[in-house]
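Please keep the sequence and the 3D view at hand while reading.

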Amino acid sequence: MFGAALGAVLGLLAGVPLRSLVVRFAVPAGQPWRTCAVTPLGGCVRCGGRSGPPPLTVEAVAAAVGAALAADAPPRWLPLLVWVALFGVVLGFVDGAVKRLPDALTLPLLAGTVLLVPLADHRPAVWLRCALAAGVLGGLFLLLALLAPMGLGDVKLAPSLGAVLGLGGWRTVYAGVLFMWVVAALWAVLLLVLRRAGRRTELAFGPAMLLGALAAVLAAD
C-alpha cells in the first residue's frame, strides 16, 4: 500500500511537467512545436492562454500509472518501466489530441529502452528475446501500416513496447498484442454508443497500444 501511494505521489508530481510536454508536441504535422509552460489547470504561465487536456487529467493518469507500477511491477524492471511510462503518458495524450506520435518522442523512447533493458535483466537470453519481440512488433505494425489505416508513428512506438513485453516472456508479448486490440475495440464501441464517432472516424491507436502493454506487463508479475 505504501509503495502504491508513493508511486501515485511521484506520478502526480511528474504529471506537471508532462502536461507541458503534451501541449508542446500536440500539434498537427508540419507545424512548429509550442513553447507553452502549462499549469495543472491548463493555463500557460507565459502567455496566459489555456490549452491542452482538461485540468488535472495528465496528472491523474501519471499518478495512476505510477501507483500501478509501484504496486505490481518487479523492482528490477522499474527504471525501464518508468522511462517508458513517462514517454507513454505524453504520447497517449498527444496521439489522442492530434492523431500522431512524433519522432521527437518515439525515437528517444526507443534509444532509452535499448539502454535500459540490460539493467532490467542481466541475462543475454532475455536481451535476445526482447530484441526479437521488438522486431516482431515492429514488423507486425509495419505490415499493418502497409495494409490498413495504421500510422507510421504506431510502427515506431511498437519496438519499444515489444522490448518491454519481452522481459516477461513470449506469453506476455502475445498478451500485450491481444490487450492492445481489446482496448482499441472497447474504446471504439464506447465512442459509437456515445455517438462521439462514426464507422469511418479515425481513432488514435497509440493509447490502446500503451494501455495494452501496461496491462500485460503488470499481469506478467
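Trp187, Val189, Leu190, Val193, Leu194 and Leu203 together make a nonpolar surface patch of about 570 Å². A patch of this kind consists of residues with over 30% relative accessible area and no salt bridge, with nonpolar side chains (Val, Leu, Ile, Met, Phe, Trp, Tyr) joined within 5 Å and like charges within 9 Å. Accessible areas come from the Shrake-Rupley method with a 1.4 Å probe, and for residues only the protein chains shown count as cover. The model is a predicted one, in which local features need pLDDT of at least 70 and side-chain atom pairs count only at pLDDT 80 or more, whereas totals for chains, interfaces and linings use all residues. Residues are numbered from 1 along each chain as its sequence is written, and side-chain values use heavy atoms, with hydrogens and water left out.

Helices are DSSP runs of H or I with at least four residues, strands are runs of E with at least two, and both are numbered from the N terminus. Valine 193 counts as exposed because its relative accessibility is 63%; the classes are buried under 20% relative accessible area, exposed over 50%, and partly exposed in between (1.4 Å probe, protein chains only).

Most residues other than glycine have a negative phi. Leucine 56, in the loop between helix H1 (2–25) and helix H2 (57–72), has a positive phi near 70°. With 46% relative accessibility, leucine 56 is partly exposed. Lysine 99 also has a positive phi, of about 55°, although it is not a glycine. Lysine 99 sits in the loop between helix H3 (78–98) and helix H4 (103–120), and its relative accessible area of 37% makes it partly exposed.

H1, H2 and H3 are the elements that give two or more residues to its lining. By class, the lining has 12 nonpolar, 3 polar and no charged residues.

Which charged side chains pair in salt bridges? Side chains of opposite charge can pair when their charged atoms come close. The structure holds 3 salt bridges, each defined by a side-chain nitrogen of Lys or Arg within 4 Å of a carboxyl oxygen of Asp or Glu. Glutamate 59 pairs with arginine 19, with the closest N and O atoms 2.9 Å apart. This pair links distant parts of the chain, since glutamate 59 is in helix H2 and arginine 19 in helix H1, 40 residues apart. Glutamate 59 is buried at 2% relative accessibility, and arginine 19 is buried at 0%.

Aspartate 103 forms a salt bridge with lysine 156, the closest N and O atoms being 2.8 Å apart. Aspartate 103 in helix H4 and lysine 156 in helix H6 (residues 152–166) are 53 residues apart. Aspartate 103 is partly exposed at 37% relative accessible area, as is lysine 156 at 31%. In the remaining pair, arginine 123 and aspartate 121 bring their closest N and O atoms to 2.7 Å. Arginine 123 is partly exposed at 43%, whereas aspartate 121 is buried at 6%.

How values were computed:
Nonpolar A, V, L, I, M, F, W, Y, C, P; charged D, E, K, R; others polar.
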